[in-house]
Structures are given as C-alpha cells and as structure tokens.
Amino acid sequence: MTVVGAEATGHLPGVLEATLRARRDAGHKLLVPYLTGGMDDQWLVTLEALAGSGADAIEVGLPFSDPMIDGATIQEASLRALQRGTTPDGILADLSRVDVGVPIVVMTYYNLIYRAGHARIAGLMSESGVSGAIVPDLPLEEVDQWAEAADRAGVATVLLVAPSTPQARIGAICDRSRGFVYAVGRMGVTGEQEVLADSARLVAGWVSSSTDLPVCVGIGVSTPEQAVEVCGVADGVVVGSALVRRLLEGDGPEGAAAFISSLRVALDAG
Amino acid sequence: MTAEPTPASSIMGDPGPTGRFGGFGGRFVPESLVPACMELEVAFRSAWADPAFHTELDGILHHYGGRPTPVTECARLSEELGVRVLLKREDLAHTGSHKINNVIGQSLLARRMGKTRLIAETGAGQHGVATATAAALFGMECVVYMGEVDTRRQELNVFRMELLGAEVRPISSGSRTLKDAVNEALREWVASVGVTHYCLGSVMGPHPYPWMVREFQRVIGEEARDQCRAILDGSDPDVVVACAGGGSNAAGIFAGFADATSSRLVGVEAAGGAALTGGIPGILHGMHSALIQDEAGQILEASSISAGLDYPGIGPEHAHLAELGRAHYVSADDEEVLEAFQLLARTEGIIPALESAHAIAWVAAAAGRSELVRGSTVLVNLSGRGDKDVAQVRDLLRGRA
C-alpha cells in the first residue's frame with residue numbers, strides 16, 4: 001500500500017496503522033472490541049469469534065490488580081482473570097498460538113510493563129503477534145521510555161486524548177501516537193452509558209482535525225446506535241464494557257459474536 | 001525521555017516540573033487527569049509563593065488547628081528505655097492527628113481554585129475526619145471513600161465524618177482497604193474534576209501531591225527543630241523517628257531536619273505493609289515508588305493492625321531518601337506495636353494512635369542497641385492520638401487473655 005501520512009507522522013506505519021488506514025480508506029468504519037485476557041476458560045474462542053464477526057482489530061486486556069481507569073464491569077473481569085491465575089506472560093503465550101487474522105492491541109497498566117522490563121515485554125508482544133499497546137497510565141510526559149522500546153519491537157503505542165485535554169496538547173499527543181489515536185469519549189472510567197456523551201463527538205472532532213491517523217472513540221460507547229452516532233465524526237469505536245458485561249453474564253463466544261455483528265451491521269449501514 | 005529533574009538546592013527541595021525525587025515520583029495518570037494535575041501544580045506554586053496565602057493558612061492552623069503543637073519530654077519512658085525520648089505532639093492538633101495540616105492547606109487551595117467539593121480517601125479515618133472537618137469549616141461538599149474493612153474497624157470515625165456533614169462511601173472492591181479507597185477516589189475524580197478537588201491524604205499519588213503534601217506538613221519539622229533546640233540547649237536530637245504508611249507525617253518532620261541538621265532519620269513501616277523494607281520499585285496511584293507486588297507486578301494486599309498503614313506503597317520521596325541513605329526505613333510488627341501502645345499509655349499517660357505506636361515500638365526495640373545507643377536523644381513524631389483504636393485494642397487484648 002502507499003504510505004499515506006508518513007510525512008505527517010514522521011514514521012513508517014506498522015501493521016496496526018496500515019490495517020486500520022486501509023479499512024478506513026476503503027470506506028469502512030472501524031470496530032475494535034475489547035476483551036479481558038484470561039477472564040474465562042473460553043476467552044481464546046471468544047477472541048476468534050470476535051474476529052469472525054466483523055472486528056477490525058481487537059483490544060486484549062492484560063489484567064492488573066488496580067485498574068484505576070476501569071469501572072465495575074472490567075474490574076470484575078480483571079478480578080476473575082487474576083483469580084484464574086492469569087499472568088501477562090501467559091496471555092502473550094496464548095496469543096502466540098492463535099492467528100485470528102486481525103491486529104491485536106494489548107491494553108494494560110504500566111506496572112505490569114515496568115515489572116516485566118520494557119524491552120523484554122515489547123519483544124514478547126511482538127513475538128506473540130501483538131501489533132499495538134494501550135497503557136492508559138502512561139501519559140505523553142511519561143511515555144518515552146516504553147514507547148521507544150515498543151517502537152524498536154514494532155509494537156505501536158496508542159495514546160489517548162481526553163475531553164479535558166487542552167487544544168495545545170492534542171497535536172503533541174497525536175504526533176507521538178502510533179497505530180491510531182484513542183479519543184476518550186467521556187470524563188469517567190470505562191462503563192456502559194445510556195446516552196452518548198456530547199464530549200464524545202467533541203473530542204473526536206478535535207482529534208480528527210489534528211491528525212491523519214485513524215481516530216477511534218472509546219469509553220462510554222455501548223450500543224450500535226451510539227457507535228453509529230459517534231462515527232459521524234470518528235473513524236471508529238472501541239467497545240469494551242458492553243461486551244465484557246455480556247461475557248460475565250454467560251453469553252459465551254456466540255453471544256459475543258452476535259453483539260459484535262450487530263455493531264458491524266449498524267456501522268456498515270451507517 | 002522526560003526532562004532531567006530540576007536540581008534541588010536541598011535534599012527535600014522542589015521536585016521540579018516533572019515531580020521527580022531522584023528517579024522516583026512522576027505523574028502516571030490517565031490523560032483525563034493530566035490537565036487537573038497540571039492546574040493543581042500551577043495553583044500550588046502560585047499560592048505557596050504568595051505571602052497572603054501563608055498568612056491565612058498559618059492563622060487558621062493557629063487559631064483553629066491548635067498549632068504550634070508542643071514537644072513533650074518523656075521522663076518515665078526515658079528512664080525505662082535508657083534513652084532521652086521527646087514527643088512531637090501532633091496528637092494534640094485539632095481532629096487528633098497531623099492530617100489537619102494538609103487538609104487546611106489543600107482546602108484553602110481548592111477554594112482559591114474555585115472548587116466547591118472535596119473528595120478524599122481514608123484508611124484509619126483520620127484523614128477522612130480531617131477532610132470532613134475542613135469541608136465543614138469552609139462550607140464545602142465532602143465525600144470520603146473508605147474500604148469496607150476499614151469502615152468496620154474504624155466505625156467511630158465513620159460516624160464522626162457523618163456528624164461533620166460528609167458522606168462516607170464504603171468500597172467493596174479489591175482488598176477493601178486504603179489502596180482500594182485511593183483507586184475509587186481517583187475514578188471519582190476523573191468523573192467530576194471540574195468542580196471537585198481530590199484532597200489526597202499523604203505524600204503519594206501523582207505530581208504535585210507528594211511534594212505539596214510534604215510542604216503542607218513541613219510545619220511539623222520546622223516547629224519541632226526549634227522546640228528541640230530550646231530543650232536541648234541548641235543541639236538537635238540524635239535520631240528523629242516517625243511511622244510511615246504513605247509517609248506524610250514522616251515527610252513533614254523529616255523536612256525540618258533533613259537539610260538543617262545531621263540527625264539520623266528513621267521511618268517505621270508496618271511489617272505487613274513494608275513497601276521500602278520489603279518491596280521493589282513500581283508504579284501505582286500515579287507515582288513511581290517502592291511497592292509490595294508479585295513477580296508479574298500485581299500489587300499485594302498490605303495487612304497490619306493499623307488501618308492507616310495498610311498500604312502497599314510509600315511516598316516517592318521516601319524511596320529517594322532511602323536510596324540517598326539520608327533516611328533509614330525499618331518495620332515493626334503488630335505484636336511490638338501493641339506492646340508500645342500500652343507502654344506509652346502506662347509510662348506517660350498518652351494513648352498513641354496505632355500508627356504512631358509503630359515509631360514508639362522501634363524506639364523501644366532499638367534503645368540500647370547501636371541504632372539508638374544509651375544516653376542518646378530521640379524525637380518521635382507522635383502523629384495521632386489513640387482514642388479511635390481503643391476498642392480494637394481492647395478486643396485484641398481480651399481475645400488473648
């Protein structure tokens with residue numbers, strides 16, 4: 001493919017960015033489900049089901065004991081995963097044994113990365129086929145040490161822009177972000193919302209006008225209607241708690257696939 | 001990489017714009033909170049450089065908070081231990097602990113920033129009570145997050161906070177203690193940052209909190225240094241000791257001695273929550289510091305007799321002071337603490353908080369050994385009074401009778 005935007009961002013796109021750009025440029029809205037790694041004994045089956053029902057990339061959470069940006073649903077999934085003995089290395093080893101055909105982005109907290117060692121875990125991610133990482137407690141000022149190790153390993157560090165981010169800061173965050181830019185839809189922790197916050201459209205608009213990278217909105221996007229609504233401004237959505245809640249309630253891989261399909265159909269219908 | 005820390009002109013100085021104490025500290029929070037932390041830093045720097053802010057703060061701490069607190073010489077305890085023991089009496093400050101120093105400072109700052117609502121985490125309840133008190137004094141709304149385990153063992157403090165007009169929200173996630181209360185307060189702060197100030201209770205969390213809270217607690221050490229010199233004919237105590245959970249009372253008293261004296265500084269952790277004596281570096285609650293954690297980096301649950309020290313981390317400046325060798329960190333176990341609690345009550349007529357009893361426990365254990373030789377002088381920061389702990393200690397002692 002042509003390297004669109006390489007001059008703007010000053011780097012060569014990796015698998016994550018290239019895949020998402022290609023989908024976007026072909027006129028599709030991007031659908032990125034989130035799944036907590038190791039939350040039950042079927043999570044790898046669920047992962048394949050998500051890939052098969054229209055996901056463009058999948059976010060896999062490496063569970064942490066103190067998930068401070070997560071609400072009750074993902075806290076519960078993280079707790080279940082940890083009680084099953086889930087470790088970052090174990091999840092990456094599991095991921096290395098499957099190829100679901102779409103990019104995998106891990107989401108975790110910085111202490112797990114710091115403890116494992118930047119270069120070591122970046123290398124493990126890369127070997128496991130992981131193409132990106134979201135580390136929400138590493139803001140722009142603290143990200144360099146990790147991001148440089150990730151860059152060397154070919155893992156894209158996705159940065160976040162929040163509704164509270166001052167305009168002057170948005171450009172700098174977009175410049176350092178790789179893969180896509182994660183626009184935080186509302187001021188709050190992860191969790192389902194009955195209505196889409198006004199801030200979701202606002203922040204998506206600011207980010208889209210600051211970067212050529214794909215822009216996905218997450219946190220507070222729970223339904224097909226909300227996904228369609230925010231994609232009027234954004235390139236795509238990350239849907240986490242609404243999916244994880246269904247899995248916690250026992251919907252299983254089929255239920256997860258049905259939910260993601262409903263989002264896919266709605267986004268494709270626009 | 002982030003910029004080099006601003007060279008500090010003193011050991012316990014300004015950690016600069018990146019909030020670094022050596023390699024520790026920083027601001028490891030989600031983007032949603034970064035602007036609020038930056039705004040707070042700007043506001044604190046401006047207030048701290050403003051003589052009018054100091055005048056108002058000092059006035060309230062004096063007329064309302066009861067400062068300066070005295071330094072008490074312990075004749076009978078000194079005789080029993082063979083070392084000269086002085087106590088800095090933060091137990092006599094309003095609300096019964098040093099926590100009032102910090103919350104009056106932060107509440108004034110919050111008001112200056114136009115915030116109308118305070119949220120806080122609490123372990124033993126002392127910081128929660130202090131925050132509820134300041135909220136009542138300034139007419140602000142107040143919500144306190146407290147682990148469910150702690151709401152049970154510190155029931156009286158829950159009622160005190162409610163009397164003061166605060167809402168106490170019990171936290172049933174994780175270990176249901178202080179660490180989880182901090183997680184929940186941070187989550188709530190993300191959702192309400194426009195009108196809400198997070199009144200963090202210790203020298204921990206993201207920049208500027210570790211530095212700001214130490215500066216608000218510095219008054220303990222500044223007062224104590226002068227008071228000791230008056231008692232000790234111009235000289236300084238050989239050793240200054242304080243308990244350390246997050247480490248705010250220790251940071252406050254150390255700040256008066258780290259640069260100005262050659263007194264040996266000792267921080268006493270709870271054996272069941274010993275971040276510096278038993279942990280390794282990591283990142284939690286916005287800071288890079290010492291933490292107790294497993295091989296994968298999952299944070300372990302602290303467990304001690306004192307709710308206020310049930311925390312798996314410690315403020316980043318303590319990690320730095322330990323690395324420099326300027327302060328030394330040790331631990332005391334629950335048994336030693338119970339003994340010390342009774343020892344101070346019996347010999348001096350002072351019932352200490354279980355947290356503060358950790359410092360007494362170290363003095364009792366170290367007296368006569370090389371760390372605290374016979375005839376030396378030790379200043380103990382008696383960070384709080386023990387009324388809140390009396391029922392718990394009664395049950396523990398009866399249980400073994």
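In the predicted model, the axes of helix H2 (residues 51-63) and helix H4 (residues 99-112) of chain B come within 10 Å and cross at roughly 140°. Because of this angle, H2(B) counts as oblique to H4(B); angles have to be over 145 degrees to count as roughly antiparallel. The crossing of H2(B) and H4(B) is right-handed. On the H2(B) side, the contact is formed by Phe53(B), Glu56(B), Leu57(B), Ile60(B) and Leu61(B), while H4(B) contributes Asn101(B), Ile104(B), Gly105(B) and Leu108(B). By residue class, the contact of H2(B) with H4(B) comprises six nonpolar, two polar and one charged residue.

Another helix of chain B, H12 (residues 316-324), is mostly covered, with seven of its nine residues buried. These buried residues are Pro316(B), Glu317(B), His318(B), Ala319(B), His320(B), Leu321(B) and Ala322(B). Following H12(B) is Gly325(B), which has a positive phi near 85°.

The contact between the two chains draws 29 residues from chain B and 33 residues from chain A. On the side of chain B that touches chain A, at least two residues each are supplied by strand E2 (24-28), helix H1 (34-48), helix H8 (178-192) and strand E11 (280-284) of chain B. Of the elements of chain B, H8(B) gives the most to this side, with six residues. The residues of chain B that touch chain A are divided into 15 nonpolar, 10 polar and four charged.

Chain A itself contains 13 helices and nine strands. The C-alpha trace of chain A spans about 45 × 40 × 35 Å along its principal axes. Buried residues account for 60% of the 270 residues in chain A. Among contacts in chain A between residues at least 6 apart in sequence, 72% join residues that are at least 24 apart.

Note on methods. Residues are numbered from 1 along each chain as its sequence is written. Chains are lettered from A and ligands numbered from 1 in the order in which they are written. This is a predicted model: local features need pLDDT of at least 70, side-chain atom pairs count only at pLDDT 80 or more; totals for chains, interfaces and linings use all residues. Helices (H or I, at least four residues) and strands (E, at least two) are DSSP runs, numbered from the N terminus. A residue is buried if 20 or more other C-beta atoms lie within 10 Å of its own, exposed if 12 or fewer, and partly exposed in between; C-beta atoms are placed from the backbone. Two residues are in contact if their C-beta atoms, placed from the backbone, lie within 7 Å. Ala, Val, Leu, Ile, Met, Phe, Trp, Tyr, Cys and Pro count as nonpolar, Asp, Glu, Lys and Arg as charged, and the others, Gly among them, as polar. Axes are lines fitted to C-alpha atoms, for helices over the stretch in contact, and angles run from 0 to 180 degrees between N-to-C directions. Angles under 35 degrees count as roughly parallel, over 145 as roughly antiparallel, 65 to 115 as roughly perpendicular and the rest as oblique. A crossing is left-handed if the near helix is turned anticlockwise from the far one by less than a right angle, and right-handed if clockwise.
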